[in-house]
Amino acid sequence: MGWTLVSKSKDRQKRIAYERRYSLLKGDLLVQICNFELHLAVANLPIFFVRSPVNGVVGLYGIMGLKKDQNLFIDSQGNWKSNFMPSVVRAFPFKGASLQ
């Protein structure tokens, strides 16, 4: 399939439809919490601090589950179940990673 230019006249009625599904995050038990959302996060999930074994930097994280592949914040259809959504999840599918 090749690239096609979008035309204002021909494609005027077309829209990009995007359904957010978070099934790919189902295996994640921890989520990074940013400082600016801490006041919302503490009311919605357990929070703890983790020191990186790589550089010693301490980070703020929330626990989303206790067993592997059982994220309690994502249902079987991949929908987010909580009213609070960490900014890292809102930015999905763009996710930070560390290189080993």
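1. Let's begin with aspartate 69, which counts as partly exposed because its relative accessibility is 47%, falling between the 20% and 50% cut-offs. Please keep in mind that this is a predicted model. Aspartate 69 sits in the loop that connects strand S3 (58-63) with helix H2 (87-90). Its phi is near 60°, a positive value in a residue that is not glycine. Most residues other than glycine have a negative phi.

2. Now for the overall layout. The protein chain contains 2 helices and 3 strands. Read from the N terminus, the order of elements is β-α-β-β-α. Of its 100 residues, 25% count as buried. The chain exposes about 8,300 Å², and carbon and sulfur atoms supply 58% of that area.

3. How are the strands arranged? They form an open sheet of 3 strands in the order S1-S3-S2, with antiparallel pairing. S1 and S2 are the edge strands, each pairing on one side only. On average, neighbouring strands of this sheet are turned by 45° against each other, with direction ignored. As a reminder, strands of a sheet pair through backbone hydrogen bonds, either parallel or antiparallel.

4. On one side of S3 you will find strand S1 (residues 30-32), antiparallel to S3 and joined to it by 3 bridges. Here leucine 30 stands opposite isoleucine 63 in S3, and valine 31 has glycine 62 as its bridge partner.

5. Strand S2 (residues 47-51) also pairs with S3 in the antiparallel sense, over 5 bridges. Which residue of S3 is the bridge partner of isoleucine 47? It is glycine 62, the residue that also partners valine 31. The hairpin of S2 and S3 has 6 residues between the strands, and glycine 56 in this hairpin takes a positive phi near 80°.

6. Helix H2 is worth a visit too, and serine 87 lies in it. Is serine 87 buried or exposed? Serine 87 is buried, because its relative accessible area is 15%, and buried means under 20%. Apart from neighbours within four places in sequence, serine 87 is in contact with Cys34, Phe36 and Glu37.

7. Contacts across the sequence deserve a word for the chain as a whole. Among contacts with a separation of 6 or more, residues 24 or more positions apart account for 61%.

8. Finally, the charged side chains. How many salt bridges does a search of the whole structure find? The search finds 1. Lysine 14 forms a salt bridge with aspartate 11, and their closest N and O atoms are 3.4 Å apart. The pair qualifies because 3.4 Å is within the 4 Å limit. Lysine 14 itself is exposed, since its relative accessible area is 59% and exposed means over 50%.

Notes: Residues numbered from 1 in each chain as written. Predicted model: local features only at pLDDT ≥ 70, side-chain atom pairs only at ≥ 80, totals over all residues. Heavy atoms only, no water. Buried < 20%, exposed > 50% of the residue type's maximum accessible area, 1.4 Å probe, protein only. Helix = DSSP H or I, 4+ residues; strand = E, 2+ residues; numbered from the N terminus. Contact = heavy atoms within 4.5 Å. Pairing = 2+ DSSP bridges. Areas by Shrake-Rupley, 256 points an atom, 1.4 Å probe, with all protein chains shown as cover. Axes fitted to C-alpha atoms, helices over the stretch in contact; angles between N-to-C directions.
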